[in-house]
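Grab your viewer and work through these exercises one at a time.

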Amino acid sequence: MLDSELVSDPLRLYDVGPMADGAAAAILCGRKGVAKVLGMWSSANAVPFNARQDYDVLYSAREAAERAYRMAGITPRDVATAEVHDSYSILGVLAAEALGLAPRGGLLASLRGGSEVRANLSGGLKSRGNVMGATGVYQAVEVVWQLVGRGPFKRVDGSIGVIHSMGGVDATSTVVVLGL
Amino acid sequence: MEHESVPLYWRNIPSYYRLAARRCRKCGEVYYPPVVKCPRCGSSELEDFQLPHEGELVEFTVLRSVPTDYMKQKPLVIGLVKLGPVKVLGQIVDAAPEKLKAGQRMEVVFRRVVVDGKYGLVMYGYKFRPRP
Ligand SMILES: [Zn+2]
């Protein structure tokens, strides 16, 4: 990855999620489903990119996560797996931090320190590809499959998963908490 | 590549050509790009505010993968420049990227931005360059 061509300093080709074609489907039903929607929230960051104070926090994701967690009655510690919107590698890092899976600016240090951050076990937008409108549904399917241990995923240790979908760079975010 | 429509471009000329911003008469906040209502206090009373043509480089990146219309200008240097009370995003020209430094003085220049090949429209606007 470090040898791939520079796209925009310091992001290289393999920091960028490729546009891809794809389709995903989930069946929403009243009862007896495989997993439940425990919480959901959408937030927007109305401040235009040039006027922002900080560029290392995804405020829309942070607020959507806080509200969705409150609705679901969970804390970041309960999250067994998360699928976040990493259309660029740095956005995946910032999204995981916004979801409370690591402290602000601390994800890489957590990983180096040996902590496990269970995010984007699917490979995320970077490896699965960014299938635009279908991406969020992909994430929902992937999280449910990880919770129940359906292939190609191994079963994760826990019963709660989170998905984060984003439009623009921190313009709008939706966070959904799914549980078995 | 798709560009903004001619009427939209036309309406935006004061902000593209002269860096015309808007200032809220109630709370004093300045907005660029201009807004019609103040997001901070809700007031609709805004007045024109001329941004200064000199400022300070906040941060920048070098785009090495560029849209087709910009191939000739590759690589593109895009930066955030603090002009008075606001930060403005724009292209940096007449500068070697390896010599640029956050905090350095910049000035506004008027340049051709892009030629819309399909309609023959030449779009002009502001760019930044290091102050000599
Ligand atoms: Zn105001």
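A salt bridge here is a side-chain nitrogen of Lys or Arg within 4 Å of a carboxyl oxygen of Asp or Glu. Keep in mind that this is a predicted model.

**Exercise 1.** Find which residue of chain B forms a salt bridge with Asp9(A), and work out why the pair joins two chains.

Solution. 
- Step 1: Go to Asp9(A); the partner is Arg64(B), with the closest N and O atoms 3.2 Å apart. That pair passes the test.
- Step 2: Arg64(B) sits in the loop between β4 and β5 of chain B, while Asp9(A) sits in the loop between β1 and β2 (11-12) of chain A, so the pair links two chains.

**Exercise 2.** Describe the contact between chain B and chain A: how many residues does each give, and how much area is buried?

Solution. 
- Step 1: Count the residues: 11 come from chain B and 10 from chain A.
- Step 2: Take the area. The two chains bury about 820 Å² between them, with 48% of it on carbon and sulfur atoms.
- Step 3: Ask where chain B's side comes from. The elements giving two or more residues are β4 (54-63) and β6 (86-92) of chain B.
- Step 4: Sort that side by class, and you get 7 nonpolar, 2 polar and 2 charged residues.

**Exercise 3.** Characterise the largest pocket: what is its volume, and which residues lie nearest its centre?

Solution. 
- Step 1: Read off the volume, about 1200 Å³.
- Step 2: Look at the lining, which has 36 residues; Ser8(A), Leu11(A), Phe49(A), Ile90(A) and Thr61(B) lie nearest the centre.
- Step 3: At least two residues each come from β1 (6-8) and α2 (89-98) of chain A, and from β4, β5 (76-83) and β6 of chain B.
- Step 4: Pick the top contributor: β4(B) gives the most, with 5 residues.
- Step 5: Finish with the classes, namely 20 nonpolar, 7 polar and 9 charged residues in the lining.

Technical notes. Residues are numbered from 1 along each chain as its sequence is written. Chains are lettered from A and ligands numbered from 1 in the order in which they are written. This is a predicted model: local features need pLDDT of at least 70, side-chain atom pairs count only at pLDDT 80 or more; totals for chains, interfaces and linings use all residues. Side-chain values use heavy atoms; hydrogens and water are left out. Contact means heavy atoms within 4.5 Å. Buried area is the accessible area (1.4 Å probe) that two parts lose on being put together, summed over both. Helices (H or I, at least four residues) and strands (E, at least two) are DSSP runs, numbered from the N terminus. Ala, Val, Leu, Ile, Met, Phe, Trp, Tyr, Cys and Pro count as nonpolar, Asp, Glu, Lys and Arg as charged, and the others, Gly among them, as polar. On a 1 Å grid over the protein atoms alone, a cavity is a set of points where a 1.4 Å probe fits but cannot get out, and a pocket is an open set with protein on both sides within 12 Å along at least five of seven lines; lining residues have an atom within 4 Å of a point. Grid points are joined across faces, edges and corners, and a volume is the space filled by probe spheres set on the points.
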